[in-house]
Amino acid sequence: MSVSDVTTLPDPDAPFVEDRRGLLWLCEREVVRFLKLWMQTLIAPVMSSLLFIVVFGLALGDTIADVDGVPYKQFIVPGLVVQAILTAAYSNNSSTVFQARSDRFINDVLSSPLRWWEVNIGLAIGGVVRGLLTGILLLVLGVAITGVGVERPLVLIVATVLVLIAFAQLGVIAGIYANSWDFMAFVTSLVILPLSFLGGIFYSVDRLPGAWEVVSHVNPIFYLVQAFRIGFVGHGDVSTWLALLVLVALAAGLSAWCAWLFRTGHRLKP
Amino acid sequence: MRPALSVRGFTKTYDGGFTAVDGLDLDVPDGSFFGLLGPNGAGKTTLIGAVCNLVRPTAGEIEVFGHPHDARNARRLVGLAEQDINLDRFLTVSEVLIYHAGFFGMARRRAKGRAEELMDVFDLTSKAKVRPTALSGGMRRRLLLARALMHEPRLLILDEPTAGVDVELRSELWEYTRKLHAAGTTILLTTHYLEEAEALCEEIALIRGGRIIARDSADGLRARYGADDIAGVYLQAMSDAAGDDRGAAR
Ligand SMILES: Nc1ncnc2c1ncn2[C@@H]1O[C@H](COP(=O)(O)OP(=O)(O)O)[C@@H](O)[C@H]1O
Ligand SMILES: [Mg+2]
């Protein structure tokens with residue numbers, strides 16, 4: 001076969017029709033990307049969260065008093081689940097976007113007929129799906145191991161959706177601003193990880209001395225942990241509405257930022 | 001007839017304040033084999049980036065077959081093989097081709113069929129399941145070209161496709177591009193190899209310092225500069241332009 005045998009010329013005035021949405025293809029590519037490495041991208045993070053449940057919850061749990069009437073092994077499950085979800089969404093998207101930028105194969109998408117918001121959604125979806133799968137796996141295992149219940153499923157569902165949106169977008173944003181892999185590792189280990197441990201995964205902030213309690217309340221991840229804890233055990237350190245409101249604000253703000261980046265091409269295109 | 005590419009007053013000033021292209025006008029006729037010839041840093045890649053929605057123009061208008069360059073209708077008519085190889089390292093060779101077609105809205109069955117055809121044409125069939133990182137340089141170049149052709153572009157843009165490739169691959173690439181042109185594809189080729197422009201291009205624009213300094217058919221240029229070949233044209237035009245620059249500086 002020769003290249004001229006397989007060349008047909010499109011009519012330049014024919015309307016552009018998609019036989020299968022380009023957006024679907026991009027979403028598929030992003031999901032396939034982490035599924036190909038499912039041991040690293042799903043199983044390993046679930047195992048490490050599970051270790052916390054086993055060590056802190058089961059091994060040490062009996063020596064630690066109940067928190068607000070909740071056995072300690074159950075108390076830590078919601079925070080660990082949300083931490084796993086947000087880390088999965090964030091790290092998936094920051095690395096997929098940064099890799100695409102640094103190898104410049106993101107140009108393949110940017111020069112295609114995909115609209116800016118389709119590129120945004122497509123590049124964000126991998127983190128959403130990965131976070132969701134991580135969350136479901138941990139939820140099932142956490143419930144099975146610790147016997148924690150889901151008292152307010154609706155709150156849990158809404159909070160999950162909002163966390164997925166917020167951190168999927170944050171990952172994309174970080175991938176767009178990053179100049180090196182070091183920067184990405186820096187954000188994960190010096191911002192996301194400390195904030196989530198200080199966000200009350202392992203303790204109730206009521207128990208902290210005054211100043212630290214205040215500090216906790218300016219940490220956005222604190223509210224995510226609270227929202228998840230309300231979803232699981234039915235109550236937390238703040239009201240359901242406040243926790244969800246902070247999540248909505250976070251998801252909306254980060255989505256707006258991300259949309260602006262894709263619409264203007266800022267940092268994506270010189 | 002409406003040109004494949006029409007550029008009016010295109011200017012690009014990069015973030016640092018450097019103006020790489022300044023008020024550039026260019027028409028590439030439908031069906032032509034068009035060479036954009038100029039030294040490194042002349043602004044060729046910048047111009048191509050703007051045409052392909054990869055560089056934000058500071059000023060000017062760019063149309064592809066009469067459509068604004070950023071319209072979906074324009075995007076799907078253009079195929080681009082960039083100067084630097086940019087292949088998704090997480091995909092296999094056949095996936096690189098299939099997903100690319102997908103971004104252009106192709107159905108799965110057709111994308112698979114077309115990927116098989118192009119892998120056959122470009123001698124990549126045995127590598128279908130291999131990642132691009134495991135390919136030789138020549139195979140990567142061919143894959144880049146195959147990818148640009150997946151969605152059946154009417155305007156194919158090749159940015160220095162032969163820079164740093166060996167003689168054998170170069171003649172292969174010439175063969176492919178000749179056939180594509182014969183089949184009606186408009187080709188915009190940038191190069192700084194003069195013999196390449198001589199061998200392939202019917203129309204040529206010389207670009208230097210972000211401006212077009214001459215543009216004509218290959219024959220027209222040879223006649224205008226009284227040169228035997230494009231190399232002669234190039235050297236004469238570049239030295240004229242350098243003279244103009246010095247004049248302007250004085
Ligand atoms: N992203 C960028 N930021 C700043 N300057 C750039 C950028 N890309 C290219 N340039 C500059 O613009 C000029 C034209 O570059 P380019 O279009 O790549 O030229 P060519 O492709 O003809 O070699 C060069 O001086 C180059 O250094
Ligand atoms: Mg270049």
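**The site of ligand 1**

Author: A polar side-chain atom of B:Y14 lies 3.3 Å from a nitrogen atom of ligand 1. Before going further, note that this is a predicted model, in which local features need pLDDT of at least 70 and side-chain atom pairs count only at pLDDT 80 or more, while totals for chains, interfaces and linings use all residues. Residues are numbered from 1 along each chain as its sequence is written, chains are lettered from A and ligands numbered from 1 in the order in which they are written, and side-chain values use heavy atoms, with hydrogens and water left out.

The side chain of B:T45 has a polar atom 2.7 Å from an oxygen atom of ligand 1. For B:T46, a side-chain N or O atom is 2.5 Å from an oxygen atom of the ligand. On its own, ligand 1 has 560 Å² of accessible area, and the protein covers 63% of that. Such areas come from the Shrake-Rupley method with a 1.4 Å probe; for residues, only the protein chains shown count as cover.

The surroundings of ligand 1 consist of A:P270, B:Y14, B:F18, B:A20, B:P39, B:N40, B:G41, B:A42, B:G43, B:K44, B:T45 and B:T46. A residue is counted here if one of its heavy atoms lies within 4 Å of the molecule. Because residues from chains A and B surround ligand 1, the site is shared between chains. Helix α1 (residues 44-51) of chain B supplies the largest share of this shell, 3 residues. Helices (H or I, at least four residues) and strands (E, at least two) are DSSP runs, numbered from the N terminus. Sorted by class, the shell holds 6 nonpolar, 5 polar and 1 charged residues. In this sorting, Ala, Val, Leu, Ile, Met, Phe, Trp, Tyr, Cys and Pro are nonpolar, Asp, Glu, Lys and Arg are charged, and the others, Gly among them, are polar.

Buried means under 20% relative accessible area, exposed over 50%, and partly exposed in between (1.4 Å probe, protein chains only).

The rest of the model gives some context for this site. Over all chains, 29 salt bridges are found; each is a side-chain nitrogen of Lys or Arg within 4 Å of a carboxyl oxygen of Asp or Glu. In one of them, A:R21 pairs with A:E118, with the closest N and O atoms 2.5 Å apart. A:R21 lies in the segment before α1 (22-35) of chain A and A:E118 in helix α6 (residues 116-146) of chain A, so the pair ties together parts that are 97 residues apart in sequence. A:R21 is partly exposed at 38% relative accessibility, whereas A:E118 is buried at 0%. Both residues belong to a network of salt bridges that also links A:E18, A:R115 and B:R72.

In chain B, B:E198 and B:R222 form a salt bridge with closest N and O atoms 2.3 Å apart. B:E198 is in helix α7 (residues 194-200) and B:R222 in helix α8 (residues 218-224), so this pair ties together parts that are 24 residues apart in sequence.

Chain A, which brings A:P270 to the shell around ligand 1, has 11 helices and 0 strands. Of its 270 residues, 52% count as buried.

Terms used. A polar contact is a pair of N or O atoms within 3.5 Å; within protein, one must be able to donate a hydrogen and the other to accept it, and residues adjacent in sequence count only if both atoms are side-chain atoms.
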